[in-house]
Amino acid sequence: MNELKKRIKYNKFLSSIFLIIGLLSTLVGLFLLTVLFVDLFIDGYPRLTYKFLTSFPSRIPEKAGILSAWVGSFLILFVTALAAIPIGVAAGIYLEEYGRKNWITNIIEINIANLAGVPSIVYGLLALGLFVYFFKFGESILTGGLTLALLILPMVIMATRESIRAIPNSIREASYALGATKWQTVQWHIFPYSLGGILTGIIIGLSRAIGETAPIITVGALTFIAFLPSPPITSDFPFLSFKWLFDPFTAMPIQMFNWVSRPQKEFQVNAAAAGIILMIMTLIMNGLAIYIRYRFRKKIKW
Amino acid sequence: MLKKVLFFVIAMVSLTSLLITNAYTAEKIVKIDGSSTVYPITEAVAEEFQKAKKGAVKVTVGISGTGGGFKKFCRGETDISNASRPISKKEIEACKEGKIEYIELPIAYDGLAVVVNPKNTWVTSLTVADLKKMWEPASTGVIKKWNQVRPEWPDAPLKLFGPGADSGTFDYFTEAIVGKAKSSRGDYTASEDDNVLVQGVSQDKYALGYFGLAYYEENKDKLKVVPIDSGKGPVLPSEKTVMDGTYTPLSRPLLIYVNKDAATKKPEVKEFVEFFIKNAPTLTKEARYIPLPKTAYQLAQERFAKLKTGTMFGGEEKVGLKIEDLLKIEQKSR
């Protein structure tokens, strides 16, 4: 009896040790992030004004702002989302619901898993050859957006597949039992049920894309741009303009990189302030992802 | 459902057609790319030019580096290329192939500062030979201590900091010191970001590094600049010594290359270049570089007005030559 008590005590002790290790590991990550953010905030706080968001870059640090940078980042993400979401989701649904398990699907699967690990600069080089020189899109917002779309495509596909896989087979069987076709099953059951997971994956992919520098430098993002892309809505027929897709661009990380490498200390402050904004943008996107997941989980009742 | 699909297809088709019709409308835009060293000057000029034109002309400036800039320039993708060294033989060939004629204009001087840690008491000046001994390829793994450069210096590790091999600063320094561009020892701490070099040198008593003068001037409290002796006694880098050519061989001209076709056919490019030369004396100073003497700007203006193409340097780096002499020699030879 005493022996058993000892055993239990020992095992409980081990369990609490793991609790402490686990807690510490979590805190390390959280602590580092906090330190980073606080440091950035202290450095950049004096420049965090409304004017900073609405001014163009300038040689005078106090007058310089990030208007062209955040507008550029936003438009690129827009193109990225438009391109990556339909293709990625369709590919994910095909692989999970339609594709037969044969060697071709196997090869595709292995390739997608590998693509997710390819360094981003490689996508930049690919895009330079494909979009800039072959399709002649030039060094434009379109090129930048499509490049980042390539980058997050594997992530979107994987997220789609994961969340489809989480749907119990009984749902599919019930649908077929009522005489639904495959497409009807996907349209009315599989897709809506997996939407929460898919959206989360997309947003996490996009928030990775917003911080990418290497691929968009390779495809020719510029540093000094003191004007905005052409407006998408015009006063004359046909009222919609797509010229902005072909306009040159800059993006948040590029503007930061340029400021960090300047000799004047005031530019370092600007870089920190831009860093805060970029971080807030990412946090908002991640928060949105969590909220969407929560909403959709609540709606589903199996 | 079919209706939805049909609607979607129609929408896509009309969008694409719109896209194509909208794509290539003419616009007044001056495209510049090239050296990140020259960038602060061009940025300042672009900012002022756009202000003066009230937004009627758009200017874009990139930082692909001198080499990367020339690649685009020689394919005709940019109107102006920033360069922190003269165009090389290979790039002259590339431009010939791309049928691009260019006008070469010097716009400022840049000094390279050789710096050590403020705690370093033993170095009072360096000769070109000293620097060569430290940086030449043959020193890789051999010259590791200060006393190997000069016996009276301490028996302590020599820690070197310098720009990476993609930088025009690296090209120029190796040319001026070792005698051949891009030929340097490889075992030193390299960074494309000069602020990293500043940090490195300021934190290590036994460090030595080189980078643009502007980075020294902004960090005077953390660094000690070393006078360079090229045979006529040690000279400290300053606006005066760089401009009058006594700080040699580590001062270099910064240049822009203008596409001749763009300069003749696009009035906004011509205006921009004229604006550039006119405002260069004040704006280069603001960008922490050293302006050329007045006569040099006049000669550059004339050179541009006459649309004189080709390079003054013959595809090589010319170390220690004064820019106004070059411009004058050229003028007389015609």
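User: At what angle do the axes of helix H5 and helix H6 of chain A cross, and within what distance do they come?

Analyst: This is a predicted model, in which local features need pLDDT of at least 70 and side-chain atom pairs count only at pLDDT 80 or more, while totals for chains, interfaces and linings use all residues. Residues are numbered from 1 along each chain as its sequence is written, and chains are lettered from A, with ligands numbered from 1, in the order in which they are written. Helices (H or I, at least four residues) and strands (E, at least two) are DSSP runs, numbered from the N terminus, and axes are lines fitted to C-alpha atoms, for helices over the stretch in contact, with angles from 0 to 180 degrees between N-to-C directions. Here the axes of H5 (residues 120-134) and H6 (residues 141-165) of chain A come within 9 Å and cross at roughly 135°.

User: How is that angle classed, and which residues make the contact of H5(A) with H6(A)?

Analyst: Angles under 35 degrees count as roughly parallel, over 145 as roughly antiparallel, 65 to 115 as roughly perpendicular and the rest as oblique; H5(A) and H6(A) are therefore oblique to each other. Residues are in contact if their C-beta atoms, placed from the backbone, lie within 7 Å. On H5(A) the contact involves A:Ser120, A:Tyr123, A:Gly124, A:Ala127, A:Phe131 and A:Val132, and on H6(A) it involves A:Thr143, A:Leu146, A:Thr147, A:Leu150 and A:Leu151. With Ala, Val, Leu, Ile, Met, Phe, Trp, Tyr, Cys and Pro counted as nonpolar, Asp, Glu, Lys and Arg as charged, and the others, Gly among them, as polar, this contact has 7 nonpolar, 4 polar and no charged residues.

User: What is the value of phi at A:Lys136, and where does the residue lie?

Analyst: Most residues other than glycine have a negative phi, and most peptide bonds are trans. A:Lys136, in the loop between H5 and H6 of chain A, has a positive phi near 55°. In chain B, the peptide bond from B:Thr248 to B:Pro249 is cis, with omega near 5°, and B:Pro249 is placed in the loop between helix H10 (239-243) and strand S12 (251-259).

User: How many residues does each chain give to the contact between chain A and chain B?

Analyst: Chain A gives 23 residues and chain B gives 27. On the side of chain A, the elements giving two or more residues are strand S1 (224-225) and helix H10 (252-260), and by class that side has 13 nonpolar, 7 polar and 3 charged residues. Strands pair if DSSP finds at least two bridges between them; in this case 2 bridges join S1(A) to S2 (residues 58-61) of chain B, with the strands antiparallel, and A:Ile225 stands opposite B:Thr60.

User: What is the strand order of the open sheet in chain B?

Analyst: The sheet has 3 strands in the order S5-S10-S11, with mixed pairing. Its edge strands, each pairing on one side only, are S5 (126-127) and S11 (234-235). S5(B) pairs with S10 (residues 228-229) in the parallel sense over 2 bridges, and B:Thr127 stands opposite B:Asp229 in S10(B).

User: Into which domains is chain B divided, and how far apart are their C-alpha centres?

Analyst: Domain bounds come from an automatic or database domain assignment, which divides chain B into domain 1 (26-108 + 254-332) and domain 2 (111-243). Their C-alpha centres lie 29 Å apart, and 12 residues of domain 1 are in contact with 15 residues of domain 2.

Notes
Two residues are in contact if their C-beta atoms, placed from the backbone, lie within 7 Å.
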